[in-house]
Amino acid sequence: MKSQQGDPQTKLEAMKLYLARSGLQVEDLDQLNIIHITGTKGKGSTCAFTERILRSYGLKTGFFSSPHLVQVRERIRINGQPVSRELFTKHFWRLYQRLEETKDSKSCVSMPAYFYFLTLMAFHVFLQEKVDLAVVEVGIGGAYDCTNIIRKPVVCGVSSLGIDHTSLLGDTVEKIAWQKGGIFKPGVPAFTVPQPDGPLAVLKERAEQISCPLYLCPQLEALEEGGPPLTLGLEGEHQRFNAALALQLARCWLQQKDHQGIGELTASRPSLLQPLPLAPVFQPTSHMRQGLRDTEWLGRSQMLRRGHLTWYLDGAHTSSSMQACVRWFRQALHRGERRGSAPEVRVLLFNSTGDRDPAALLKLLQPCQFDYAVFCPNLTEVSPTDNADQQNFTVTLDQVLLRCLEHQQHWRRLDEEQASPDLWSAPSPEPGGPASLRLPPCPPHPHSSSSLVFSCISHALQWITQGRDPVFQPPSPPRGLLAHPVAGSGASVLREAAAIHVLVTGSLHLVGGVLKLLEPSLSQ
């Protein structure tokens with residue numbers, strides 16, 4: 001099942017035909033009481049918060065998300081848990097056979113692409129399992145995403161917007177906002193978080209064209225007034241925006257379905273010149289508080305403490321999400337600072353794929369002052385036999401390794417720029433002196449990192465952990481793992497460090513590969 005190219009509207013029509021061939025009509029999806037969520041960053045976390053809140057009301061939930069981290073079954077969840085192997089296998093082959101039997105020999109595309117197939121499968125699973133509601137995360141964009149065959153969701157949400165997937169969605173945030181607003185439906189309430197003026201104006205215009213009532217979420221602080229602060233299961237300041245959106249989506253869904261106990265409205269301060277009407281300010285219920293507190297979403301602002309090692313896992317892959325990741329990482333380091341003379345080591349494990357700008361992402365990571373920067377492809381092992389759920393079949397090993405070497409070159413260049421700034425480039429007039437006098441800027445923090453490239457995640461982790469992670473205990477390292485001088489000297493430093501802090505970021509697929517090795521139970 002390869003990816004399909006072509007006119008986006010035609011592909012959306014094709015999805016409806018696939019749905020019909022699979023034995024369903026778009027009207028059947030109305031039974032799923034769907035919450036449809038898009039955005040550039042935070043849409044997965046918003047989905048996770050929303051699903052967990054509604055589950056805490058005793059509702060049976062379906063949850064379709066992407067990408068998966070370790071196993072493809074993670075994309076289709078019932079009550080927060082990935083569907084079982086048996087259920088996945090049963091529905092996979094049932095759907096595959098239906099599509100095989102209804103193939104049209106005249107059609108050039110007889111079987112759906114990977115994501116289309118899994119989306120169809122999720123709809124079948126949710127209907128078969130009789131869920132009370134389904135939280136559906138958009139794959140890419142919105143208007144032409146294959147999830148957008150949903151015609152009557154209960155409520156829609158748009159998380160923070162930014163630049164990503166430019167080759168598909170456009171090269172400005174306004175163009176991307178137009179795509180995201182494509183999930184709006186006539187008369188169906190929609191909510192969004194504070195956005196820059198340009199994209200917010202586009203969302204507003206899209207909502208008006210479609211006759212969709214669109215509301216702006218108040219900050220989480222407004223919902224905390226008069227009650228105890230809300231505790232979030234996901235770390236990082238940026239998660240407060242996602243939680244605020246999730247609360248509105250969950251409350252709106254409950255309201256539309258005539259549920260009791262949806263949170264008492266509180267008086268809100270009048271807002272001056274808001275571009276959109278404000279969503280209600282209310283007191284979160286005990287169920288809502290419990291849902292927010294108990295939310296888990298692997299690979300997003302996630303910490304794993306293992307003896308001397310602390311792993312910081314975040315799949316940030318856009319400039320804005322990387323800024324949030326860096327803030328979270330530095331705050332976490334500050335909170336866990338130890339008072340002592342024993343050395344602590346900071347390691348970056350990074351990869352970036354697709355049409356992202358790795359140099360821009362790496363520049364944002366510079367203030368973290370890593371001792372070592374490690375680059376590797378999103379492959380758990382060099383041999384592809386154990387990589388089925390992580391494998392990208394559209395690129396070769398040579399191509400991904402070449403990209404890792406480019407990342408290393410970007411990092412070295414950034415290190416050199418930081419170590420040897422142009423002393424006369426930054427104007428710094430002396431107070432009271434002539435404006436033309438330029439003084440050298442303050443020297444940067446004298447910190448540079450060594451960098452290494454490994455052929456797979458397993459080799460990278462073997463070097464980073466030096467046998468000190470109590471769970472990740474692979475067989476003896478391959479010959480030549482320490483052949484590089486930096487690898488040899490660094491191994492001694494890592495073995496003797498009082499603490500090792502490892503940030504894994506740049507790609508959710510990289511984070512998934514790391515989790516597969518660090519948490520073997522996720523593969524069960």
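Modeller: In this predicted model, 8 strands form an open sheet with mixed pairing. Their order across the sheet is E4-E3-E2-E5-E1-E6-E7-E8. The edges are held by strand E4, residues 81–82, and strand E8, residues 214–216, each of which pairs on one side only. As a general point, the strands of a sheet pair through backbone hydrogen bonds, in either a parallel or an antiparallel manner.

Strand E1 (residues 34–38) and strand E6 (residues 155–158) run parallel and are joined by 4 bridges. Within this pairing, His36 is found opposite Cys156 of E6.

Helix H7, formed by residues 197–210, lies across E6, strand E7 (190–192) and E8. Relative to E8, helix H7 runs at about 150 degrees.

A further parallel pairing involves strands E11 and E12. Strand E11, residues 344–350, is joined to E12 by 4 bridges, and the two run parallel. Leu349 has Val374 in E12 as its bridge partner. Strand E12 covers residues 372–375; Tyr372 and Val374 point one way from it, whereas Ala373 and Phe375 point the other way. All of these residues are buried.

Helix H3 (residues 85–101) packs against helix H4 (residues 114–128) at an angle of about 115 degrees, and their axes are 10 Å apart. The crossing of H3 and H4 is right-handed. On the H3 side, the contact is made by Leu87, Phe88, His91, Phe92, Arg94, Leu95, Tyr96, Arg98 and Leu99. H4 contributes Phe117, Leu118, Leu120, Met121, His124, Val125 and Gln128. By type, the residues of this contact comprise 11 nonpolar, 3 polar and 2 charged.

Turning to the whole chain, there are 16 helices and 14 strands. The chain has 524 residues, and buried residues make up 52% of them. Of the contacts with a separation of 6 or more, 77% are between residues 24 or more positions apart. The accessible surface comes to about 23,900 Å², and carbon and sulfur atoms account for 53% of that surface.

Terms used
Residues are numbered from 1 along each chain as its sequence is written. This is a predicted model: local features need pLDDT of at least 70, side-chain atom pairs count only at pLDDT 80 or more; totals for chains, interfaces and linings use all residues. Side-chain values use heavy atoms; hydrogens and water are left out. Axes are lines fitted to C-alpha atoms, for helices over the stretch in contact, and angles run from 0 to 180 degrees between N-to-C directions. A crossing is left-handed if the near helix is turned anticlockwise from the far one by less than a right angle, and right-handed if clockwise. Contact means heavy atoms within 4.5 Å. Ala, Val, Leu, Ile, Met, Phe, Trp, Tyr, Cys and Pro count as nonpolar, Asp, Glu, Lys and Arg as charged, and the others, Gly among them, as polar. Buried means under 20% relative accessible area, exposed over 50%, partly exposed in between (1.4 Å probe, protein chains only). Accessible areas come from the Shrake-Rupley method with a 1.4 Å probe; for residues, only the protein chains shown count as cover. Two strands pair if DSSP finds at least two bridges between them.
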